[in-house]
Amino acid sequence: MQPALELKRVRKTFGTTVAVEGMDLVVPRGALYGVIGPNGAGKTTCIRMIMSILFPDAGELSVLGQRSALEAKDRIGYLPEERGVYRKMKVGAFLIYMAQLKGLAADDAAARVPQLLQEIGLPGVESKRCEDLSKGMLQRVQFLGAIIHQPDLLILDEPFSGQDPVSVRILREHILKEHRRGATVLLSTHVMANAEEMCQHVVMIHQGRKVLDEAMAGLRRQFDLRTIHFEPLDAGADASSLSRVSGVERVESMDGTYRIVLMPGTDPAGVMARLAAAIAPARIELSRLRLEDVFVRIVAEAAGNEVASQALRASVTVGPEGALA
Amino acid sequence: MKQSIRRIGLVAGREFLAAVMNKGFVVGLLLMPAIIAALFVVFPRLLNRNVPAIRGEVAVIDPTGQVSGGLRAALVPEAIAARRRDSATRALQNAPEAVRNAATTTPAMERAIGTPPQLTILERPANADLQREKQWLTESVATDGQRHLALIVLQPDAVVAAAGSTKYGSYELFIPENIDVRLETELYDAVRESLVAARISAHSLNRAEVEAVMNVRRAASVTVAVGKERRTNVAFNQALPFVFAGLLVFGIMIGGQTLLTQTVEEKSNRVIEVLLSAVSPLELMAGKILGQMAVSMLVLALYIGIGLFALMSFAMIGLLDPILIVYLVLFFLISYLLFAAVFSAVGAAVNEMREAQSLMTPVMLVLMAPWMFATVIGREPNSTFAVALSFIPPVNTFAMMIRLGSATPPPTWQVLLTMVVGLLAAAAVTWFAAKIFKVGLLMHGKAPNMATLIRWARAA
């Protein structure tokens with residue numbers, strides 16, 4: 001079966017700035033892909049090229065088996081990063097209009113609107129003007145505009161930006177629901193925590209180039225399971241015995257808790273049992289994979305610049321909108 | 001293709017409804033006819049209703065001794081009213097019958113006549129001191145409400161020419177500041193009438209005979225065209241080019257302005273990218289232009305309808321060749337297309353209305369040009385200037401519409417050529433504008449200048 005999305009050596013420049021370079025990407029049907037990277041990495045440019053809003057200078061792309069998104073418009077749902085509404089239009093009319101543009105009959109669209117609004121936590125707003133809704137509510141309305149025609153491919157550019165934690169949770173549920181329905185989902189975010197929680201597969205972009213293209217499961221195997229967080233039951237316990245446990249590479253102390261890095265190839269389960277035997281733990285857990293660690297490791301630490309790596313980490317951790325729900 | 005047309009239709013429908021279902025639009029739509037109605041109905045009533053009669057004194061120095069009696073008679077209120085009635089009737093002589101009938105009804109006539117002034121004639125001795133009498137004019141006497149309105153000084157040979165001459169003397173009229181213009185006219189008319197009467201009786205002539213000899217009724221010309229004749233109506237023929245040019249400009253302004261503001265708004269509130277995921281830029285532009293065209297057509301249809309109704313109610317409908325309405329619509333469509341393309345391109349290129357101003361200035365100047373040459377073309381509709389303008393876009397449609405409305409319409413081949421030139425220009429401008437529209441929609445940041453726009457068009 002043809003992939004939902006395929007990019008081959010795609011390149012895009014704006015004047016002298018190279019926005020995207022040598023981009024190869026295959027998104028299989030029914031997948032949930034996350035495109036991550038700091039602001040300005042080229043995520044939006046990639047998405048706009050996929051949507052045929054911009055056109056690549058070089059390279060090829062196919063969308064839902066078509067040579068361009070223009071030929072499959074009605075089967076694609078798109079939530080752009082720059083998203084707006086007609087402020088004076090009523091919410092219901094706006095959604096029906098969007099659905100009609102996507103090929104739905106007016107009656108079908110009108111029938112879907114109240115139920116969709118209900119499901120997304122905005123019951124009865126269809127007769128309100130868009131300008132009377134809060135920003136978070138409007139974003140949910142815009143999301144509905146992207147899915148009302150039940151697209152085969154859903155492309156969401158920074159769907160969580162500017163959202164409060166409640167909205168983020170609601171949106172995440174609905175994105176997963178669309179995915180369960182069978183839609184292929186591609187979402188971009190600069191807040192990597194969002195991606196690691198819901199994506200099956202992540203693509204990292206940095207300075208216009210793809211630096212990582214991996215399934216989350218593979219990433220977990222590859223990059224993690226090597227760090228254990230350990231908190232002793234007795235705060236005064238002598239921690240030096242921890243570093244003598246076999247399989248431990250080094251122990252870092254962080255105000256009362258310890259970050260224990262394992263030697264490559266060690267089975268974490270055995271180490272955890274041995275650590276617990278050495279000192280009674282209040283808490284012992286295998287650290288969660290953090291994409292930002294992966295990102296910083298790939299990009300910045302390769303360059304060996306400590307200041308730059310910290311700045312990068314800051315740019316992809318928790319965004320100003322605090323979207324880590 | 002079918003999908004594309006469907007989407008264009010949807011965009012056009014939304015544009016139309018967004019423009020029409022709007023308080024501002026309804027108010028604007030009604031405001032224009034309301035202002036016109038106010039000008040034609042309310043204003044004259046305000047002018048003539050309950051004007052207090054002018055009361056005052058007119059001093060006469062009459063060395064001939066034969067005029068002041070007649071003058072006194074000519075300035076009584078009844079005589080003034082009779083003269084006003086005569087002149088109003090004369091003015092209406094060439095008007096279409098329905099207008100004449102409507103105007104000569106008693107209330108309308110009464111309004112035209114107004115309240116005649118109440119004048120007191122003061123005869124001064126022939127040897128009165130002119131300086132003293134002029135001084136008298138400047139003394140306004142308010143106590144009894146009588147103003148000093150005029151001083152009429154007749155020359156001694158005003159009634160009988162001096163020996164050896166065939167020329168009669170005349171008179172001088174002195175008035176104070178701030179005198180009513182209409183009163184001044186009354187005085188001229190009254191002096192003329194009494195002088196003529198005095199001269200006729202001095203020559204022992206029969207006044208009725210002399211008047212009969214002098215009177216030649218001015219004919220109302222009849223315009224002869226193939227198969228039909230119609231009364232020439234000078235005023236109508238003069239007004240028509242202006243009305244046509246006005247309707248064209250007005251129609252374009254309505255649609256064009258909304259097109260510009262809507263596009264800028266869509267761009268600035270970022271709804272544009274959402275739309276672009278569903279429609280192509282060209283579909284969007286086409287839909288917007290068509291939607292606003294429908295708005296303009298609605299307004300034009302309304303105003304043309306009001307105009308036709310007015311003509312019909314005055315039985316003047318025969319003056320208007322119906323083909324002119326067809327031409328008006330065709331020329332409107334051609335020039336609308338051209339200007340709408342420009343408006344939408346400008347809207348797409350800028351980030352906010354303020355930035356649109358500098359790009360719009362030349363467009364507005366071109367739109368205003370028809371007003372400047374409407375008179376020139378209307379007067380000489382087949383001059384080289386008028387013919388040349390008929391083939392130079394984008395003013396060609398306006399020039400041709402003015403010529404079509406004039407008394408001597410242009411040959412048909414010129415009309416057709418104007419249409420062809422207009423269509424070609426519209427197509428070229430739309431092609432260029434579409435490129436700017438496409439690139440401009442997603443461009444944010446510095447306001448573009450003309451050079452940037454041309455670069456965009458090249459890149460697209």
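**A walk through the model**

Analyst: Happy to start with one residue: A:Gln207, with 15 C-beta neighbours inside 10 Å, counts as partly exposed. Here a residue is buried if 20 or more other C-beta atoms lie within 10 Å of its own, exposed if 12 or fewer, and partly exposed in between, with C-beta atoms placed from the backbone. This is a predicted model, in which local features need pLDDT of at least 70 and side-chain atom pairs count only at pLDDT 80 or more, while totals for chains, interfaces and linings use all residues. Residues are numbered from 1 along each chain as its sequence is written, and chains are lettered from A and ligands numbered from 1 in the order in which they are written.

User: Where does A:Gln207 lie, and what is its phi near?

Analyst: A:Gln207 belongs to the loop between strand 8 (201-206) and strand 9 (209-215) of chain A. Helices (H or I, at least four residues) and strands (E, at least two) are DSSP runs, numbered from the N terminus. Its phi is positive although A:Gln207 is a residue other than glycine, with a value near 50°.

User: Is A:Ser52 buried or exposed?

Analyst: A:Ser52 sits in the loop between helix 1 (43-50) and strand 4 (58-63) of chain A. Its phi is also positive in a residue other than glycine, near 60°. Since 22 other C-beta atoms lie within 10 Å, A:Ser52 is buried.

User: Why is helix 2 of chain A largely enclosed by the rest of the structure, and which helices do its buried residues pack against?

Analyst: Helix 2 (residues 91-101) of chain A is largely enclosed because 9 of its 11 residues are buried. Among them are A:Phe94, A:Leu95, A:Tyr97 and A:Met98. After the helix comes A:Gly103, with a positive phi near 95°. The buried residues pack against helix 3 (106-119) and helix 4 (135-147) of chain A, together with helix 1 (2-20) of chain B.

User: How many residues of chain B are in contact with chain A, and what is the makeup of that side by class?

Analyst: Two residues are in contact if their C-beta atoms, placed from the backbone, lie within 7 Å. On that basis, 14 residues of chain B are in contact with 20 residues of chain A. Helix 1 and helix 11 (272-276) of chain B each supply at least two residues of the side of chain B that touches chain A. By class (Ala, Val, Leu, Ile, Met, Phe, Trp, Tyr, Cys and Pro nonpolar; Asp, Glu, Lys and Arg charged; the others, Gly among them, polar), this side has 7 nonpolar, 3 polar and 4 charged residues.

User: Which residues touch the most other members of the largest nonpolar core, and which helix gives the most to this core?

Analyst: A nonpolar core is a set of buried Ala, Val, Leu, Ile, Met, Phe, Trp, Tyr and Cys residues joined through C-beta atoms within 7 Å. In the largest one, of 151 residues, those touching the most other members are A:Ile50, A:Leu95, A:Ile155, B:Val346 and B:Met401. The element that gives the most to this core, with 17 residues, is helix 13 (residues 322-349) of chain B.

User: At what angle do helix 14 and helix 16 of chain B pack?

Analyst: The contact involves B:Pro370, B:Ala374, B:Ile377 and B:Gly378 of helix 14 and B:Phe398, B:Ala399, B:Ile402 and B:Arg403 of helix 16 of chain B. Axes are lines fitted to C-alpha atoms, for helices over the stretch in contact, and angles run from 0 to 180 degrees between N-to-C directions. With their axes 9 Å apart, helix 14 (residues 353-379) and helix 16 (residues 396-405) of chain B pack at an angle of about 35°.

User: Which peptide bond is cis?

Analyst: Look in the loop between helix 15 (384-389) and helix 16 of chain B, the place of B:Pro394. Omega is about 5° in the cis peptide bond joining B:Pro393 and B:Pro394.

User: Which element of chain B has the lowest mean pLDDT?

Analyst: pLDDT is the predictor's confidence in each residue, from 0 to 100. Chain B averages 83, and 89% of the residues score at least 70. Among the elements of chain B, helix 17 (residues 412-440) has the highest mean, 91, and the lowest, 58, belongs to strand 6 (residues 228-231).
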